[in-house]
Amino acid sequence: MEKRIITNKKQFDIKSFFLQWEWMLVLIFILINIMNANFSPYYLNTNNLLNATMAFLDKAFIVLPMAFVIIMGDIDISVGSTVALSAVVMAVLYNAGLPMGLAMMICLLVGATCGFINGFLITKYKELSAVIVTLATMTIYRGIAYVILENQASGGFPMWFSYLGWGYVGKIPFMLIAFAICAVIYGLLLHKTTFGRRVFAIGNNDTASRFSGVEVDKIKIIVFTLAGLMASVTALFLTSRMGSTRPNVAMGYELDVIAMVVLGGVSTAGGKGRMIGTILSIFIIGFLRYGLGLINTSAQVLLIIIGMLLIFSVMIPNIKFKKRKKAKEA
Amino acid sequence: MLKRNIQNMMKAENISKFRELGLLVFIIILTVAVQIRNPRFLTVSNLTNMITNTAILSILAVGMMLVIITRGIDLSIGATLALSGMISALTVSANPDMHPILVILIGILVGTVCGLIVGVLVGKAGILPIIASLGMMNVFRGLTFMVSGGSWVSAHQMPDSFQSISTSKVMGINTLVFIAIVIYIIFYYFINHTRTGRQIYAVGSNPDSAKISGINIDKILIMVYGIMGSLAGLSGVLWVSKFASAQGDTAMGYELNVIAACVLGGVSIAGGSGKISGIILGSLLLGILHNALPLLLISPFWQQAIQGFIILGAVLINVLVKRNAERKNLVRRNI
């Protein structure tokens, strides 16, 4: 396992500055845009591009806390189900006569509770890996959503609610602005606060951080709660865009989200990663989808491409690391 | 010191027996409860039906147990099952005269290739099993849609010889159940009485010492995922033959049921432990639940939630029993 020494200031080195994964992402991003522009004459159009962001930004909200979760060396595969459950609860409560604002608050509360339960179980029963706990809660949350709404759709929200997913501020989609604000908050939280440094510390060495006085359990619970909370934020935007909700919404979101985080250079072994890479990879996958959609690529081919992208983005750093290890041993 | 170690080992043995006994008792209580509510439960036709339905799940659970013993997890098996089922269904609908055994072999071949790919990614490239199998799940699922062009292969396109795989009988037992029994016998021998089988446990309980004692970990990992894939391929053919239709979204999310069967059967997610007898009981419990809930007139929408709670309950009880045993061991050491 790679150990990283946490220092306050790093020496600036031109070579290592440009050898970072983030520059690779920038390169991929530019390549995708060139490719898309060649595919379709309609691609390079500011309005189209801004509109296109609205199609993929809903799940981007979960990507931010998921980066925290993976940096801690954990994983959360229940987020898709959390989206479904909180959306379903909101829709049912609104249709039962609650004011929309209150229903939205409860939606956020449900999401945060789901996340808190994950975090609580993972810290209380340390023998269980996050994979198995969130696998179980994934089934439970989705199951409860089915119990509540069976296989019906629920909708009929007030007009102003659709502003969340479809509205503009000037020419910029409201969703993009909301995402930008969240991204800045989470970026600062990860890189500029003690909390963020502790998340890295836990990812590097759980036991050592516990002995150096980091409240590991508390931080884990907070991070998982944030993941649940942001899943319910996604539920708000997704429901607003679709106009109604069903228990089977957001199926497979966990995969997309994990793919984005891992492509963004966050190591699945924990302790490594940066917010800027994660955000770049959201736009890479989003624009790739949009561009391939413009030339009528089928959803199945997209599935394959995203799966491959996930595998390769994990494999490349692994191979580099293995080579270095071999060189060291030799 | 040695004596105490042996005592501890015996203690651990007792606990695992207790677990299985507990599971058995739970199954019996459940059976009696369901029987009281609905007397149609314990009839020959319903029981045969239930066991036939559980056969595929229990075949997959064998492979998943091996994977989990090595501290891994394979989320791609639902997609592998769909892909091999689809390819064999397409082959058999193009050549109706093909012998069913040949079709099964094709399915196994497709599945093995899929499994080996995941195995190489996990073993050679060192990708976390959950990420590797999650990625390949997408790829296999996409390929399933692509080879079929998005359409279904339905019953009238399949020859009777193919559909009869799941309805015929071998030695008075339904073929599906027969295949499952054969697989259980083979794997019981394999993991308990062969060197390679024991090495799987060694890799799972302590990878570092396994490596030092000269076990080729990469090879074992690739083999385990290969076995998982081939069993998924076999199940794919059986599945398509049983339901007489191959679809792009066949067995979507089925991997969760399989993992649940393993976890219920006492296979530890931390790796290194798991028994064939345990997963038989685990699969049986899930089978009974699937069969009993409709008989008890419980809405099908409750099924998923109930299943989730049972998985969570099973892993939590597992942890608590283990903690209790460790605490007792500590107390004994003080004396």
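Predicted model: local features only at pLDDT ≥ 70, side-chain atom pairs only at ≥ 80, totals over all residues.
pLDDT is the predictor's confidence in each residue, from 0 to 100.

**Chain A as a whole**

Select chain A and colour by confidence. The mean pLDDT of chain A is 86, and 90% of the residues score at least 70. Within chain A, helix α5 (residues 100–124) has the highest confidence, at a mean of 95. The lowest is in helix α1 (residues 14–18) of chain A, at 64.

Switch to a cartoon. Chain A has 14 helices and 4 strands. Its C-alpha trace spans about 65 × 55 × 35 Å along the principal axes. A compact globule of 330 residues would have a radius of gyration near 20 Å, and chain A agrees because its own value is 20 Å. Of the 330 residues in chain A, 48% count as buried. Among contacts in chain A with a separation of 6 or more, 79% join residues 24 or more positions apart.

**Helix α3 of chain A**

Select residues 46–71 of chain A, which form helix α3. Go to A:F56, where α3 of chain A bends by about 55°. Then move past the end of the helix: A:G73, which follows α3(A), has a positive phi, near 90°.

**A:M66 and the largest nonpolar core**

Next select A:M66 together with B:C262. The largest nonpolar core has 198 residues, and these two, A:M66 and B:C262, touch the most other members. Helix α10 (residues 217–243) of chain B gives the most to this core, with 15 residues.

Which residues does A:M66 touch, not counting those up to four places away in sequence? Show A:D76, A:V79, A:A227, A:V257, A:I258 and A:V261; these are its partners.

**A:L263**

Stay in chain A and select helix α12 (residues 253–263), where A:L263 is found. Is A:L263 buried or exposed? A:L263 is buried, because 24 other C-beta atoms lie within 10 Å and the cut-off is 20 or more.

Now display the contacts of A:L263 beyond four places in sequence: A:S281, A:I284, A:I285, A:L309, A:L310 and A:S313.

**Where chain B meets chain A**

Show both chains and select the residues in contact between them. Chain B contributes 36 residues and chain A 35 residues. On the side of chain B that touches chain A, the elements giving two or more residues are α5 (129–148), α11 (254–264) and α13 (302–334) of chain B. Of these, α5(B) gives the most, with 13 residues. Colour this side of chain B by residue class: there are 27 nonpolar, 7 polar and 2 charged residues.

**B:M137 in helix α5 of chain B**

Finish on B:M137, which has its place in helix α5 of chain B. B:M137 is buried, because 26 other C-beta atoms lie within 10 Å. Leaving aside neighbours within four places in sequence, B:M137 is in contact with B:L75, B:S76 and B:A79.

Conventions:
Residues numbered from 1 in each chain as written. Chains lettered and ligands numbered in written order. Contact = placed C-beta atoms within 7 Å. Nonpolar A, V, L, I, M, F, W, Y, C, P; charged D, E, K, R; others polar. Core = buried A, V, L, I, M, F, W, Y, C linked by C-beta atoms within 7 Å. Buried ≥ 20, exposed ≤ 12 C-beta atoms within 10 Å, placed from the backbone. Rg over C-alpha atoms; globule rule 2.2 N^0.38 Å. Bend = angle between axes of the 7 residues up to and from the residue.
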